[in-house]
Amino acid sequence: MTTPFAGLPGAVVAESGPDVGAVWHYGNPLGEQRALAEGRAVVALKPAVLTVSGPDRLSWLNSMSSQLLLGLQPGDSSETLLLDPSGRIEHAVRLVEDGERLWLLTERGEAAGLVDFLNRMRFMLRVEVEDVTASHAVIGSTAPLYAVASSRAESAAEPAAATAAPDGAATVVWHDPWSSVAPGGHQYAAVDHDYTTWSWYETIVTRDFALGLVGRAASGLVGVAGTAAAEALRIAARRPRSATEVDDRSIPHELDWLRSAVHLDKGCYRGQETVAKVHNLGHPPRRLVLLHLDGSDAVLPIAGDEVALGETVIGHVTSSALHYELGPIALAVVKRQADPAAELSVRSAGVEVAAAQEVVVPPSAGAEADVPRLPRLGAVTRPSRNG
């Protein structure tokens, strides 16, 4: 199923990958990136949209996931992970509380499994899970949607009423917490990158509102960008994504996801033992790096391409992009002990592409004397099924 934005002039729709069916670009990927980064364009995303209603929703999800959710107030955004018993990432979920329900955004390919898991864990609690993807759309932007959508309209002297938000739509906005370390979290990432420059909003709107936005874009009143632009900005921000950076071995520490999605002082949840052991006593076996790629061969590596140190394969590319300022870049997950100062290469389409690595998660991550300590697992009281 393609997005209604696919009917706009120049739209090129992604035919594969995690954003299949979304507009990849509109013919000017680098210009679209700049416009998106500067808050002059919006992008139609294709996550799954779920809701959890009922008075037990926060305590219920809090008891199963890695983030502390009990204090969420209407309008609050958060992010959490659902782990398997070994601490490996099964689902990454973006959350918005609106006072009556909890809105969940996740990858399309993970939605069915997440809904099934949540329904199996309901027991006798007062919660109701619903997949509302078919009736809603999600719009990404680096500034609040209504500021972006009204900027061109104001310059065109369009009546203000045409840019107003529909009832309720303005309250369902996920504001990415990646720009700073969330309360109870911890940053392994090198401090030489300014994370505070990252600003990202995902606004959940009705399908009718999305169609209206398409009409405004067709009239030149709203700037649009493709998901290629959003991906390039995300990669430059060292921001992990479940559909790209996570595989069947991933644990949160490897991707620096303790920054935004893990609370180190909350009660017991599935997989917490691994989170505690790696954080307190050990090191994650792999680490996330940002690669600055040599573009002289005009080869942009793709997800799955091997990353090598000399003749030794040490990891794989997870996502890549041509950034409008940085040039060709990629995120990759490599072995922890690989020399962080070494020049690497990426093997792509029969070409060895030179790659300078920028450390995101350092080899020393975990088992540090000055990091917050998780409580002893045996001393943690497990939440009851009644919250």
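Biologist: How do the residues lining the largest pocket divide by class?
Modeller: The lining has 17 nonpolar, eight polar and four charged residues. Here Ala, Val, Leu, Ile, Met, Phe, Trp, Tyr, Cys and Pro count as nonpolar, Asp, Glu, Lys and Arg as charged, and the others, Gly among them, as polar. This is a predicted model, where local features need pLDDT of at least 70, side-chain atom pairs count only at pLDDT 80 or more, and totals for chains, interfaces and linings use all residues. Residues are numbered from 1 along each chain as its sequence is written, and side-chain values use heavy atoms, with hydrogens and water left out.

Biologist: What counts as a pocket or a cavity?
Modeller: On a 1 Å grid over the protein atoms alone, a cavity is a set of points where a 1.4 Å probe fits but cannot get out. A pocket is an open set with protein on both sides within 12 Å along at least five of seven lines, and lining residues have an atom within 4 Å of a point. Points are joined across faces, edges and corners, and a volume is the space filled by probe spheres set on the points.

Biologist: OK, how much space lies in the largest pocket, and which residues lie nearest its centre?
Modeller: About 570 Å³. It has 29 lining residues, and Trp24, Glu231, Leu300, Ser320 and Ala321 lie nearest the centre. β2 (23-25), α1, α6, α7 (242-245) and β15 (312-323) each give two or more residues to that lining; helices (H or I, at least four residues) and strands (E, at least two) are DSSP runs, numbered from the N terminus.

Biologist: Is Glu231 buried or exposed?
Modeller: Glu231 counts as buried because its relative accessibility is 10%. Buried means under 20% relative accessible area, exposed over 50%, and partly exposed in between, using a 1.4 Å probe and protein chains only. Glu231 is in helix α6.

Biologist: What is Glu231 in contact with, leaving aside neighbours within four places in sequence?
Modeller: Asp19, Trp24, Arg241 and Thr244, with contact meaning heavy atoms within 4.5 Å.

Biologist: Switching to cavities, how many of 30 Å³ or more are there?
Modeller: Two, from a search of the whole structure. The largest holds about 410 Å³ and has 23 lining residues, with Arg94, Glu202, Glu231, Arg234 and Arg241 nearest its centre.

Biologist: What about the second largest cavity, how much space does it have?
Modeller: About 130 Å³. β9 (136-141) gives the most to its lining, with four residues.

Biologist: Now the largest nonpolar core. Which members touch the most others?
Modeller: Leu36, Leu81, Trp200 and Trp257, out of 51 residues. A nonpolar core is a set of buried Ala, Val, Leu, Ile, Met, Phe, Trp, Tyr and Cys residues joined through side-chain atoms within 4.5 Å. The largest share, six residues, comes from α6.

Biologist: Last one, β6. Why is it largely enclosed by the rest of the structure?
Modeller: Because eight of its nine residues are buried. β6 runs antiparallel to β5, with seven bridges joining them, and antiparallel to β7, with four. Strands pair if DSSP finds at least two bridges between them. Val96 is the bridge partner of Ser77 and stands opposite Trp103 in β7.
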